[in-house]
Amino acid sequence: MAPTDAVILDNWFPRTGDVLMRLGSQDWATGLPNQVNTLMAYAGPTSSKLFAVCGPQIFDASSQGVVGAAVYSTLTSDKLNYINFRTAGGQFLWAVNGADLALLYDGTSWTNPAVTGIGSLTTANFSNINIWKQRIFLVQKDSMSIWYLGINSISGTASEIPLGPLFKLGGKIVATATWTLDGGYGMDDHLVIVTSKGEIAVYRGTDPASASEFALVGIYQLGAPVSDKCFVKVGGDLVLMTLDGFFPLSAALESTRLDTRSAISDKISGAVTQATSSYLNNFGWHPILFPKENMLLFNVPVNPGIETHQYVMNTLTNAWCRFKGWNANCFELFNDNLYFGANGKVCRAWQYNDDSTVAITSEVKTAFNYFGAMGRTKHWKMARPVFTASETPMPSFGLNVDFEDADVTASITVSNASALWDVAKWDQAVWGGPTIYRDWQSIQGLGYCCALRMKIVSATNEVSWAATDWLYEVGGVV
C-alpha cells in the first residue's frame, strides 16, 4: 500500500491536504412514531419541504423540533422512491412504492395522480420512478415493463415498453436512470434500465413511441444491484451500486464484469464484497452525493434500525473512509445540507463535534511502511502526529509491526472541553481556537515495517491531521 493509504480509517474524512475527524450530527425533527425509512425533499420555486415517512404516515420535517400531526396517514409501505417534476401547472413531487397508489404533492396538498391506459393495473403497481427527456418513467414492479407519460405531464395516459425479450437472464426491472454522455452524437441524456440480474439496457433518442427516435445502444452485464436505490448521479456520470462494487457507467460499460478495476470502490473492494455478502437483504442500501463537502456516501445497513455505517469517498481525490455512529436508514439533501432518517427522528448530518451529545470515536491504522529500507530492521522509538485542533487532542497510540493487527491497548480519554458560553467565567476560561499540536509520543517497536494505530474520542474538538514524523534507528540486514 502507498504510505498515504490506510488499513482502517473510521470517522476520519480524507481531504486534499489532511484528514478531518468526522463532524457530528444533530437531532432535527423528533417525536416521530417509527423508524424513518424515507426522506423526500420538495423543492418549489419559492419554498422547500422535507418529508419524513415512517410506518403508514408522512410528516413535515422541514423545521427543527418536534413534528406536528401527520400530513398523510394511509400508507402500506414507507419505502418510497420519488422525483421532483416541473410543469406549466407548478412544481410537483411524484412518489411511488409498489404497494400504495402513487402520491402527488403540489406544494400544499397530497393527492393521487390520475394515470390511464394501464388496463387492470393501478399506480400502486409502480415501484420506481425517473425523469428522461421531459417525461416521467415508471417501473412496473416484479415485471420486465416500464411505462411513460406524455411530455411535461404529471398525469394522463401512460404507455408501456415491454422489455422482457431484451434480457436473457430473467429477473425483473429494478430501476431506471438518466445518464449523460457523448455517444458519438454529442452530449446527450441516455435512458438506463437495470434488472435484478445486473443486465443493463441503454437507450438514446427522444420519443419512445417512435422506432426511429428511440434506439437501443446496447445490453451490458454488471453485478446485480443491491437495492432499488442503486443509482446516484455524480457530475455527468452515473454510479451503480452492485454486488461487485460501485461502478461509474462511463468506465464499467467499457469493461467486463470480471474486471473490477473500473469500480470507484476498487480500493475498498474487500470491504464492499464482505458487506454485500453479509447485508444484501437488509433495507437501507442508499447512495447519495453531498456536493458541499465533496462527499459521495454509500449507506450500509449492518442491522437496520440499530447499526449502519457509510463508505465515503472524496469526489476530488477518490480517497475512501468509513463513517460509524450515524445509524441512518435513509439520506436526503435539503437546502444543500445532508439529513438522515433514524429511529423516531430525522438528523442533520455534518454538524458540530458530537452526535447529539454522544462523543465521536475515530480510529486509524495506517499502511505498513518500510521507510525506504525493506530488508533492514528498524527500532521505532517515537512518533509525532501533526494536528490542527480547537483544543488539545488526546489520542491513544499503538504500533503494529510486520503486519500484526493489535488494537490500541491504552485507555482512551475524551478530549478536553472548550469553555462554554454563558457557563465559563470571563477572564478565567481558556477559549478554544484552531492551534497546531505536534507533541512527540513514545511508541516502541522492532521490525521491518510498521503501521500507526490511533484512536481519539471527542465531543467538542474539531481535529485535522496533516502529517506524522518518526524517530527510529535502522539496523543491519538480518
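Visitor: Which residue in β6 does alanine 41 stand opposite?
Guide: Look at β5, residues 38–43, and β6, residues 48–54; strands here are DSSP runs of E at least two residues long, helices are runs of H or I of at least four, and numbering goes from the N terminus. The two run antiparallel, and in β6 alanine 41 stands opposite leucine 50.

Visitor: What pLDDT do local features need in this predicted model?
Guide: First, residues are numbered from 1 along each chain as its sequence is written, and side-chain values use heavy atoms, with hydrogens and water left out. This is a predicted model, where totals for chains, interfaces and linings use all residues, side-chain atom pairs count only at pLDDT 80 or more, and local features need pLDDT of at least 70.

Visitor: Back to β5, then: how many bridges join β5 to β6?
Guide: A hairpin of 4 residues takes the chain from β5 to β6. Two strands pair if DSSP finds at least two bridges between them. For β5 and β6, the bridges number 6.

Visitor: How many of the 6 residues of β5 are buried?
Guide: Buried means under 20% relative accessible area, exposed over 50%, and partly exposed in between, using a 1.4 Å probe and protein chains only. Strand β5 is largely enclosed by the rest of the structure, because its buried residues number 5 of the 6.

Visitor: What is the order of the open sheet of 3 strands?
Guide: The pairing in this sheet is antiparallel. Reading across the strands, the order is β5-β6-β7.

Visitor: Which strands of that sheet stand at the edges?
Guide: Each edge strand has a single partner, so one side of it is left without a neighbour in the sheet. That goes for β5 and for residues 57–60, which make up β7.

Visitor: And what does the twist average from one strand to the next?
Guide: Axes are lines fitted to C-alpha atoms (for helices, over the stretch in contact), with angles from 0 to 180 degrees between N-to-C directions. On that basis the twist from one strand to the next averages 25 degrees.

Visitor: How many residues of strand β10 are buried?
Guide: Strand β10 spans residues 90–96 and is mostly covered. The buried count is 7 of 7.

Visitor: Which residue is the bridge partner of tryptophan 94 in β11?
Guide: Strand β10 pairs on both counts here: 7 bridges join β9 (residues 81–87) to β10, with arginine 86 bridging to glutamine 91. Another 3 antiparallel bridges join β10 to β11, residues 103–105. There, the partner of tryptophan 94 is leucine 104.

Visitor: How many aromatic pairs does the count come to?
Guide: Rings of Phe, Tyr and Trp (its six-membered ring) pair if their centres lie within 6.5 Å; planes under 30 degrees apart are stacked, over 60 edge-to-face, and the rest tilted. By this rule, the number of pairs is 27.

Visitor: How many residues apart are tryptophan 28 and tyrosine 339?
Guide: These two make an edge-to-face pair, 5.4 Å centre to centre and with 70 degrees between the planes. Tryptophan 28 lies in β4 (residues 25–35) and tyrosine 339 in β31 (residues 337–341), so to speak distant parts of the chain, with a separation of 311 residues.

Visitor: Are both of those residues buried or exposed?
Guide: Tryptophan 28 and tyrosine 339 share one answer. Both are buried.

Visitor: How are the rings of phenylalanine 368 and phenylalanine 403 set?
Guide: Their centres are 4.6 Å apart. With the planes at 40 degrees, the pair is tilted.

Visitor: Does phenylalanine 403 count as buried or exposed?
Guide: Phenylalanine 368 counts as buried, at 13% relative accessibility. At 53%, phenylalanine 403 counts as exposed.

Visitor: How is the lining of the largest cavity divided?
Guide: A cavity is a set of points on a 1 Å grid over the protein atoms alone where a 1.4 Å probe fits but cannot get out, and lining residues have an atom within 4 Å of a point. Met21, Arg22, Asn353, Ile360, Ser458, Asn461 and Val463 form the lining. Ala, Val, Leu, Ile, Met, Phe, Trp, Tyr, Cys and Pro count as nonpolar, Asp, Glu, Lys and Arg as charged, and the others, Gly among them, as polar. The lining comes out as 3 nonpolar, 3 polar and 1 charged.

Notes. 1 Å grid on protein atoms, 1.4 Å probe; cavity = no way out; pocket = protein on both sides within 12 Å on 5 of 7 lines; lining within 4 Å.
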